[in-house]
Structure formats: structure tokens, C-alpha cells
Amino acid sequence: MDFLRPTTWAEALEARAAFPGAVAIAGGTDVMVGINFGRLRPASLLDLTRVAGLQEWGTEDGAVRLGAGVSYARVIGELGDRLPGLAMAARTIGSPQIRNRGTVAGNLATASPAGDAHPALLAADAEVEVASVRGTRRMPVRDFYTGVKRTALAPDELIAAVSVVPPSGPQQFSKIGTRNAMVVSVAAFGLALHPDRRAVGTGIGSAAPTPRRAPAAEEFLAGELTSAGLWESRAELPEATAARFGELVAAAAAPIDDVRGTARYRVHALSVIARRALTWAWADYRNDPAKEI
Amino acid sequence: MSAPTRVPAGAPEHLTGPGSGGVGDDAERPDGVLKVRGEFAYGSDLWMADMLWGATLRSPHPYARIRSVDTSAALATPGVRAVLTADDVPGEKVYGLELADQPVLALDVVRYQGEPVALVAADHPETARLAATRIRVDYEVWEPVTDARTALGHRTGNQVHDSAPEVTELSRENAHLHPQGNLVRHLKIRKGDPAPAADVVVVGEYEVGMQDQAFLGPESGLAVPAEDGGVELHVATQWLHVDQRQICSALGLPPGQVRLTLAGVGGAFGGREDLSMHVHACLLALRTGRPVKMSYNREESFFGHVHRHPATMRYEHGATRDGQLVYVKAEIYFDGGAYASSTPAVVGNGGTMGIGPYVVPSVHVDCYGAYTNNPPCGAMRGFGSVQTAFGYESQMDALAAELGMDPVELRCRNAMEQGSTTPTGQVVDSPAPVAELLRRLAAMPLPTRDDGGEVDLRDMPGGVSNTTHGEGVRRGVGYAVAYKNVGFSEGYDDYSTARVRLEVVGGEPTATVHTAAAEVGQGLVTVEQQIARTELGVERVVVHPKDTTVGSAGSTSASRQTYVTGGAVKAACEAVREQVLARAQRLVGRTVPDLRLAGGAVVSDSEDITVPLADLLGDDVLEETLEWRHRPTEAIDPETGQGFAHVQYAFSAHRAVVDVDTELGLVKVVEMACTQDVGKAINPQAVIGQIQGGTAQGLGLAVMEEILIKDGTVRNPSFTDYLIPTILDMPPMRIEVLEYADPHAPYGLRGVGEAPNISSGPAVLAAIRAATGLPLARVPVRPEHLTGT
Ligand SMILES: Cc1cc2nc3c(=O)[nH]c(=O)nc-3n(C[C@H](O)[C@H](O)[C@H](O)COP(=O)(O)OP(=O)(O)OC[C@H]3O[C@@H](n4cnc5c(N)ncnc54)[C@H](O)[C@@H]3O)c2cc1C
């Protein structure tokens with residue numbers, strides 16, 4: 001097995017184009033599991049950990065641009081205020097060792113329906129920046145997932161970065177697992193309130209062939225908040241609204257029965273965590289009048 | 001005696017360690033520093049320059065007939081040195097711990113998914129695995145039998161074994177067993193009134209899923225062909241001599257030509273009592289004339305060892321209105337899977353101790369072990385008692401509820417004590433402080449609730465996954481008590497052998513302890529040192545590598561090694577000490593009655609005598625080897641189950657406090673408290689470690705650990721989906737250790753390792769019931785059970 005070690009982004013893209021059988025490796029927390037279980041026998045590995053600049057994040061046009069090589073540990077440690085939903089999701093991923101190595105880009109490229117970054121990225125309307133020797137393109141994260149563990153990445157493309165606009169309102173992330181840490185999610189939910197746009201963002205994990213949003217729930221809640229003047233008044237959220245929101249989120253799911261849980265449980269659990277996430281987010285919104293919209 | 005041997009890298013060395021401390025001290029482990037530093041060599045670290053790697057081809061089907069096996073493509077793979085099938089097994093083609101019924105390599109029928117069919121040895125492990133996939137096996141796939149009752153015809157079904165397996169001479173307690181069809185063993189207890197009646201009757205049915213030992217060091221070993229035509233096997237195992245017996249039989253070699261050394265063991269919990277790669281590596285080494293290493297990966301490990309028997313149980317408890325038990329009837333089914341392994345003995349424990357540590361005048365138990373096409377089940381910590389404890393303790397809670405009594409009070413009212421008679425008619429002849437264990441637990445303060453301050457997610461069900469900030473959370477408290485036999489029962493000749501040497505090395509008196517007792521992480525090597533220090537009054541004690549150049553120590557299981565091998569080491573030390581003191585008498589020239597060994601010298605309290613061992617021994621080496629036995633037990637009556645079945649009991653009790661998110665069905669165990677009588681804590685710190693570990697393993701079974709099987713096929717053979725508790729699942733503990741000496745045991749000690757594994761899970765289950773009000777008849781409890789989804 002060849003081990004390609006580009007040190008610049010241009011070299012990385014050239015290698016990607018030149019070796020179609022190569023598997024990119026960042027933190028290796030998915031790739032090495034595949035190799036150890038004998039599911040993956042790549043002709044070569046394309047190591048991205050030495051690529052200059054890939055481990056950095058910065059702000060660009062008001063958005064945080066997260067380089068593909070930034071670890072979860074750094075998202076938690078350095079970006080908890082700017083990307084709260086993603087940082088909350090990152091906190092639930094694996095163990096400290098996994099968070100020290102694993103990356104959001106790796107989570108994206110694996111595109112497991114159970115990947116925990118996805119619901120947070122979907123709720124926050126993140127954009128994925130992908131590149132090849134042919135050039136760079138950006139797409140909304142919702143267009144990135146094309147099927148079960150399939151993505152919009154072309155064979156010669158790499159993920160360069162993820163861009164997320166820092167929120168104008170509260171965000172939440174909640175994940176069900178059958179153990180209190182280090183567990184693959186049985187269902188996960190990401191929520192972002194966007195008071196600036198009078199909009200709501202959602203993301204569902206582990207409950208459909210791909211990560212997905214709950215558009216009906218988003219529209220319902222945004223509509224309720226607007227029609228009742230709640231964006232401005234920050235008054236108490238009616239319980240029935242939260243409950244209905246939970247039901248609509250659950251209705252957007254299309255889960256299966258597997259070793260981790262039944263489809264029925266997933267639907268039920270989603271309705272509960274979506275409702276709770278909303279009540280927490282709304283409490284945050286109410287307690288934070290300083291933040292102008 | 002034996003031919004010259006080559007020693008692989010990673011073979012065990014003599015352990016001394018920096019430690020000190022005798023019996024009753026928190027002595028340091030001699031292997032502790034190595035383990036903490038990551039320098040300890042485990043079986044998977046074994047290495048030799050010219051070694052080959054072995055790989056195993058396993059059946060993908062739980063039940064099938066093999067029409068043909070074609071190895072030609074595998075043999076033609078460059079780098080492959082041997083491909084072997086059942087035809088290449090020179091000796092007996094079947095083996096087993098108690099019954100020889102399991103093929104070394106599949107014969108004409110495979111009976112479980114993962115059954116070994118063929119072996120490959122190659123220059124590289126990748127080549128070996130690749131070649132294994134090139135072996136063509138033509139299977140006629142059969143419908144598997146996957147339910148114990150069905151297998152026994154208690155529901156309709158076909159037979160997995162059409163002929164009765166043969167009873168081997170090493171059978172433990174199955175002298176009265178007459179296996180037929182799918183029945184491995186049926187144990188009956190008939191005591192007291194055959195048709196009892198009672199004021200209050202509670203009936204319940206319970207189910208326990210299949211737990212795995214989940215030890216961290218996968219099955220590994222290295223077989224080295226010897227010049228005398230024999231083989232040296234370095235292997236991570238639990239009982240060198242029972243391995244040796246089975247390997248000799250399969251290889252057709254005498255014991256002198258099959259020499260075993262214990263490699264570093266990364267946990268066992270019963271899962272290494274059966275053979276795994278042992279015979280396979282030896283076959284490949286003898287065929288190729290090269291050392292052969294085999295080391296399973298995690299997935300193969302799930303198929304490479306037996307698991308804990310799943311069980312279904314029906315209990316009927318009758319009591320007076322004031323809470324005195326009148327009778328218990330129980331019907332217990334253990335699913336033994338495809339081969340017998342230690343199912344007969346598991347049935348023995350499940351049946352004889354299946355109603356718990358209570359005094360009951362009339363007992364009627366039928367306990368069955370069955371063959372099915374599920375993965376073979378055998379030894380695991382708690383051995384038959386873990387399953388039944390879920391049943392009988394659930395019943396005690398149900399009875400308490402029916403009577404409107406406090407569950408602890410009900411248990412205490414019926415608790416066994418010294419002088420009580422067990423269901424097998426045995427009189428308990430050493431302390432049995434069951435009620436005291438419970439009362440001490442109940443007297444411990446309960447953990448306080450968080451009083452509305454900032455929520456720490458780590459304290460919540462779901463942890464940092466952020467599923468609740470207190471919504472839906474209800475607290476529950478549950479109690480359970482357990483007892484477990486220590487050592488092998490029902491007439492088994494349960495002995496250990498110890499060789500102890502005393503000499504002066506570099507001016508320092510040094511004892512060397514040599515036993516074949518497997519150190520699997522529990523700290524027996526420390527105990528061996530402590531006993532030698534106490535008995536011989538020397539500081540420096542060397543632990544010789546564990547191997548078959550000394551006699552059998554019996555199994556590292558049944559909570560028995562500190563008792564039995566500890567007893568053997570103590571006895572061998574005493575024999576050496578007698579020699580030393582006799583020498584001292586001769587030197588002093590008269591009889592001094594109170595000569596003893598202390599501080600590396602022979603001393604007397606009555607006279608001013610100090611003879612340093614260095615002077616007394618000079619260059620002489622004093623050595624004693626002896627076998628030591630606990631008092632004998634006896635087989636139980638096959639029709640009534642009566643008899644002196646067990647040599648000793650261990651008792652423990654748990655109180656669990658849990659928070660349950662009742663809406664999401666997620667559980668956070670808030671605190672575990674444990675009381676246990678250990679007779680004498682030989683190493684108090686190690687005792688605490690056993691209680692914590694056993695508690696965690698029991699908690700795991702209650703809330704998450706299960707091998708999920710569908711139609712005989714394992715669905716979660718990895719740590720991705722076979723979940724074991726993390727530090728956020730296992731709470732802090734309160735532990736009280738009692739020391740009521742058992743007058744029959746060395747130092748008065750009781751085996752420690754298993755009891756806490758038995759009472760922990762039922763306490764957690766009881767606490768979840770208390771929190772939710774749900775009846776809950778199955779473990780592990782899943783969120784679906786708690787939410788009705
Ligand atoms: C013990 C353990 C626990 C885990 N727990 C969780 C969990 O709780 N939640 C969760 O979501 N995941 C979990 N994972 C999975 C894994 O950690 C995540 O998916 C992680 O985000 C992968 O990131 P990585 O950098 O390690 O990816 P890698 O393993 O390096 O790569 C993953 C995939 O991404 C591709 N890739 C990586 N970088 C790029 C790039 N720049 N451009 C294009 N393709 C790229 C690789 O080719 C590969 O296909 C766990 C894994 C382990 C081993």
C-alpha cells in the first residue's frame with residue numbers, strides 16, 4: 001500500500017487526481033476501522049494531515065471557514081461560542097481520543113446517516129467547499145448527501161472546508177444512544193433558531209437513509225413564532241407548539257429497525273428530543289435579550 | 001526431560017516487582033508497573049523471527065452439512081505453507097471441557113455460525129486470511145434450532161445432536177448425566193412438600209440475554225514445534241492443564257510432548273476456559289515445522305469463545321401472609337448453544353442455587369441445559385447464578401409488593417444464616433451473614449439529589465448527549481442479594497499444586513513460587529507473593545512463569561484460585577518452613593518450641609535467637625512441591641438433588657440508585673453500594689477492585705450488554721454495537737467488606753470475584769422498576785422496554 005503525503009493543497013489535489021484508487025485519510029477514525037475490519041483494502045492512502053493550512057479555521061465574509069483538518073477537540077475548545085450547535089454535536093462524538101483525531105470533513109465524507117456532525121450542519125445551513133484540480137465549488141450541506149453513505153463529491157475532489165455563518169439565535173443538539181458516552185446514535189437532532197431571518201433550521205440523524213431536514217417542522221415553527229409575534233416578544237412558547245414541532249420532526253423521519261433500536265423507538269425519541277431541544281433553545285432565546293436581532 | 005526449546009519474544013519472565021506486604025496488606029502487583037507503562041507482553045505480542053501466521057475459516061451458517069471442501073485455490077496462494085481440515089487432525093477429532101462433543105475442525109456438520117472449518121498458515125497474516133477466503137466449502141444449509149425449549153421438545157423441534165455425546169473422564173459433576181438428544185443436563189431438586197400451598201403466591205417469567213466476557217486481549221498464542229516431535233504452546237488461557245489434556249488428545253501426543261506456558265492474559269471471565277486457537281496453532285506448527293502465531297481480531301474473538309448462557313425462567317413463590325417463604329417452584333432453561341462446553345456445571349449452579357440465599361421448606365426446581373444452533377455458551381463469571389439471580393430477586397420484590405412489605409425486610413426475614421439448610425439439604429457450616437449484608441446496605445446514606453443548581457449533563461441519563469436537563473427523570477432504588485459456590489462442586493476433585501523454593505540469592509533470602517495457576521488480571525501473582533512472605537518471613541518472592549512443568553492448579557474460575565492455589569502455596573510454604581526450622585533446631589542443638597521465620601531469619605520470642613537464613617541455608621536450596629485439596633464435596637442425588645454439593649459460599653448484596661428518563665427510556669445509574677463477606681481480605685485493595693469490576697459487569701448485563709442473535713446469526717460482533725459500560729455508565733461506589741472467617745478455608749478466606757457480579761444486575765433492574773413502575777421481565781433493559789416502543 002502506498003502512502004501519499006502531500007504537504008500543500010495543490011499537491012493534495014494533484015495526488016487525488018492522479019491516484020483514483022487512493023483513499024484520503026484525515027483523523028483516520030473511520031478509515032482505520034475499515035482497514036482493521038478488513039472492509040477496506042485501498043491501493044494507497046492519501047494522508048491529509050501534513051497539508052499546510054488544512055488544520056486552520058478563520059472568518060470569511062462573516063462566516064467561519066473550518067479547514068477540513070480541524071479536529072472535534074478544537075471545534076469544542078475554540079469554536080463553542082461561534083458554532084454552538086456543531087460544538088455540542090462534537091462533544092457527543094466518541095471519546096477524547098476520537099475527538100482529538102476525528103474531523104468534521106471526515107464525518108461528511110463518510111456520510112453515515114449516524115454521523116453526528118450532520119444534524120448540526122443541516123440546522124445551521126452550512127456550506128461545503130470542495131475542490132479538485134479543476135477548481136473549487138461550494139454547495140449547501142443539504143445537497144451534499146446523495147444516498148446511503150454517498151455524497152456529491154466527484155472522484156477527483158476533496159473537501160477543503162466547511163463554512164458556517166455564526167448564529168443569530170440559539171442552537172441545540174441532542175443525541176440518543178444506548179450508553180451514556182461513546183455510542184453510535186440511535187437518533188439525533190440539531191436545531192437552530194435564526195431570528196435574523198425569522199427562520200428555523202433542523203437536522204435529523206440516524207433516522208433515514210441520509211441525514212435530512214424536517215422542512216414541515218421548520219415552516220410550522222417559523223410560522224407560529226412569526227404569527228404570534230414571539231420573535232419580538234420573546235414570550236413563553238406554548239407547550240402545544242413545542243409538542244407539535246416534535247411530532248412534525250418525527251414525521252419527517254424514515255427510520256429502520258436495527259441492532260441499535262427499533263424504528264418505532266426512533267420516531268418516538270425524535271419527537272421527544274425535538275420538543276425538548278426547542279424548549280431549551282427558546283429558554284436561551286428568552287434569557288438573552290441583549291442579543292439584538 | 002524435555003527437548004531444547006526456543007523462547008519467543010513476549011514470553012513471560014520471572015516476576016518479582018518492587019512490592020512488599022504479606023497476607024492482609026495492600027501489596028503491590030509485581031506486574032503492575034509493566035502493565036501501567038504498556039510494557040507488559042500479552043499473548044498478542046508473542047513473536048519469533050521465522051514464525052508463520054495462522055488464520056481460521058469459519059462457517060457462515062449456524063447449521064449446515066458440508067458436502068465438500070476444496071482447498072486447492074488456497075494452497076496455490078503464494079506465501080501459503082499449509083491448509084488443514086478435519087482430515088488433518090491426527091488424534092481425537094472432538095474435544096470438550098466436560099463432554100467431548102466439539103470438533104477441532106468441522107466434520108460433516110457445522111452447528112453454529114463461526115464454527116472453525118479449515119486452517120491456513122502463511123508468511124503474512126493478510127495472506128493467511130486471504131487464502132482462507134479462497135477455500136471453497138459447499139454447504140447444504142439447514143434450518144437452525146434457536147430456542148432451548150424447542151430443542152428439548154418442550155416445544156416442537158428437531159435435534160441438533162442425533163447421538164449422545166460421550167462423557168469424558170474429566171467430566172466435573174456429570175457422573176449421573178445421561179445425555180440424549182438435545183438435552184445436556186436436567187437437574188432436579190425435590191425437597192419438602194411435593195404439593196405445597198400458601199396464603200400468597202407470586203408467579204413470574206424472566207429472560208436473560210446472552211452476555212459476552214468482552215475481555216480486552218483477544219485469543220492469542222504461538223506454537224513452536226520442538227525437536228522431540230512435540231510442541232511448545234505459549235497461550236493466553238485460564239487453565240493450562242485442561243488445555244493440555246485436550247490438545248494431547250487431538251494431537252495424539254503424550255503430555256510430555258505438549259508443553260504449555262501461560263502468555264500474558266488480557267482478561268478472561270470464563271471465556272478462556274474452552275480451547276480456541278490452541279490445537280489449531282499446534283496442528284499448523286507441527287505440519288509446517290515452523291512456529292505459528294494465531295491472534296484473533298475483535299470480530300473473530302466474538303466467534304472464538306463461549307458466552308454466558310441466555311436463560312428463560314419461570315418462578316412460583318408461595319409465602320405466608322407475614323412474609324415467610326413456604327415454597328418455591330422454578331423451571332429454568334439454559335441455552336447451551338451448539339456444544340456442551342461447561343453447560344452441565346452451569347446447570348448445576350443454576351439449579352442448586354437457583355432460589356437464592358433464602359430458607360425455603362419446600363423447593364421444586366427443574367433446570368435444563370439444551371443444545372441449540374446458537375453460539376456455544378459456557379463459563380462466565382457468576383456461572384449459572386447470574387441468570388437465576390435476576391429471576392429469584394425479581395420474585396422477592398414482586399412478593400414484597402404483593403405483601404405490602406419492605407423488600408429488604410422480606411429478604412431478611414427469609415435470609416439464610418449459618419446452620420440453615422440449603423435446597424440441596426446441605427447445612428451451611430460457616431458464617432452466612434445475608435441479613436447483615438442487607439441491613440448494612442439499607443443503613444448507608446442515599447446519594448442526594450441535585451438541588452436545582454446548574455445541570456451537569458454527565459449526571460443525567462444520556463450524559464453529554466444532551467437528552468434531558470431533568471425532564472422525565474425519575475429516581476428508583478433497588479436491592480438484591482446473591483450467593484455463589486466457590487470452587488468446583490458436586491464431587492469434583494478440585495485441587496491445586498504448588499512448588500515453593502527457598503534459597504539465598506545474592507545474600508538475600510529468596511522464595512520462588514511456581515504454580516500453573518493462570519494470572520488473568522485478577523492479581524493471583526500478588527497473592528502468591530503475599531502468602532510466601534507471610535509464611536516464610538522473607539521479603540523477596542519471585543513468581544515463576546506459569547507452565548505445565550508443575551502440576552495442575554485447576555482453573556482460574558469459580559472464585560477459587562486464592563482459596564485453592566492460595567491453599568497450595570500456603571501448604572508448600574509450611575512444608576519448606578518445617579525443613580528450615582528443623583535445620584535451625586539442629587543448629588541450635590536443642591528444641592526451641594517457638595521458633596518461627598521473620599525478617600529473613602529464624603527467630604524465637606522466648607529466647608534471644610536470630611539465625612539469618614543466609615547463614616542457615618548457605619548454598620542449599622529447599623524445595624517442596626505438593627498438591628492441596630479443599631474438603632471433598634459429593635454428587636447430588638439425580639432424582640432429588642440432595643447432597644453436600646458445594647464446599648463454600650460467597651455472599652454479596654447490592655443497592656442500586658438509578659435515574660431513568662421515563663420518556664426516552666434512558667438510564668443513568670447514580671450509585672452502586674455493595675456489601676460483601678470475604679472471610680479474610682488477603683489483599684484488601686484487590687478485593688475492592690474485584691467488587692467494582694464485578695459490579696460493572698453486572699450493571700452492563702442489566703442495561704446494555706447483549707449478543708444479539710437472529711436465526712442463529714450474531715448481529716453485533718464488535719465493540720461498535722456490543723456495548724460495555726463506560727466511566728459515565730459506572731457510578732462511584734460505596735463498599736463495605738466484612739470478614740467473617742470460614743473455619744474450613746485457608747486464612748478463613750472466601751472467594752471474591754463472582755458474587756458481586758451476581759447481585760449487581762438484579763439490584764439495577766429492581767431500581768429501574770422502582771423508578772418506572774414497569775414490571776420488566778427481561779435484561780438487558782432496552783429503551784424500547786421502558787417506552788413501549
Ligand atoms: C471509537 C469510535 C467512536 C466514534 N464515535 C462517533 C460518534 O459518536 N459520532 C460520529 O459521528 N462518529 C463517530 N465515529 C466515527 C468517526 O470518528 C467520525 O466519522 C469522524 O468524523 C471521522 O473523521 P476522521 O478525520 O477521523 O476521518 P477519516 O477516517 O480520516 O476519513 C473518513 C472518510 O472521510 C474521507 N476524508 C477525510 N478527509 C477528507 C477530505 N478532506 N476530503 C475528502 N474526503 C475526506 C476519507 O477518505 C474517509 O472516507 C467514531 C469512530 C470511532 C473509531
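This is a predicted model: local features need pLDDT of at least 70, side-chain atom pairs count only at pLDDT 80 or more; totals for chains, interfaces and linings use all residues.
1. Extent of the chain contact. Chain B contributes 39 residues to the contact and chain A contributes 34 residues. Together the two chains bury about 3000 Å², and carbon and sulfur atoms account for 49% of that area.

2. Charged and polar pairs across the contact. Five salt bridges are counted between chain B and chain A. In one salt bridge, the side chain of B:Glu663 meets that of A:Arg276, with an N to O distance of 2.8 Å. Polar contacts between chain B and chain A involve 23 residue pairs, with both residues at pLDDT 80 or more.

3. The chain B side of the contact. Two elements of chain B each give two or more residues to the side that touches chain A: strand E29 (666-677) and helix H17 (783-787). By residue class, this side of chain B comprises 13 nonpolar, 15 polar and 11 charged residues.

4. Residues around the ligand. The ligand is surrounded by 33 residues, and the closest are A:Ala24, A:Thr29, A:Asp30, A:Tyr72 and A:Thr103. This shell divides into 18 nonpolar, 11 polar and four charged residues.

5. Backbone atoms facing ligand oxygens. For A:Ala26, a polar backbone atom is 2.7 Å from an oxygen atom of the ligand. A:Gly28 likewise places a backbone N or O atom 2.7 Å from a ligand oxygen atom. For A:Gly94, the corresponding distance from a polar backbone atom to an oxygen atom of the ligand is 3.0 Å.

6. Burial of the ligand and origin of its shell. The ligand taken alone exposes 980 Å², of which the protein buries 85%. Elements of chain A that give two or more residues to the shell are strand E2 (22-25), helix H2 (31-36), helix H5 (96-101), helix H6 (104-110) and strand E10 (158-164). H6(A) supplies the largest share, four residues.

7. A cis peptide bond in chain B. The peptide bond joining B:Val779 and B:Pro780 is cis, with omega about -5°. B:Pro780 belongs to the loop between strand E33 (778-779) and H17 of chain B. H17 is also one of the elements that give two or more residues to the side of chain B touching chain A.

8. A positive phi in chain A. A:Lys149 is not a glycine, yet its phi is positive, about 55°. A:Lys149 is located in the loop between strand E8 (145-147) and strand E9 (150-151) of chain A.

Notes:
Residues are numbered from 1 along each chain as its sequence is written. Chains are lettered from A and ligands numbered from 1 in the order in which they are written. Side-chain values use heavy atoms; hydrogens and water are left out. Contact means heavy atoms within 4.5 Å. Buried area is the accessible area (1.4 Å probe) that two parts lose on being put together, summed over both. A salt bridge is a side-chain nitrogen of Lys or Arg within 4 Å of a carboxyl oxygen of Asp or Glu. A polar contact is a pair of N or O atoms within 3.5 Å; within protein, one must be able to donate a hydrogen and the other to accept it, and residues adjacent in sequence count only if both atoms are side-chain atoms. Ala, Val, Leu, Ile, Met, Phe, Trp, Tyr, Cys and Pro count as nonpolar, Asp, Glu, Lys and Arg as charged, and the others, Gly among them, as polar. A residue is near a molecule or strand if one of its heavy atoms lies within 4 Å of it. Accessible areas come from the Shrake-Rupley method with a 1.4 Å probe; for residues, only the protein chains shown count as cover.
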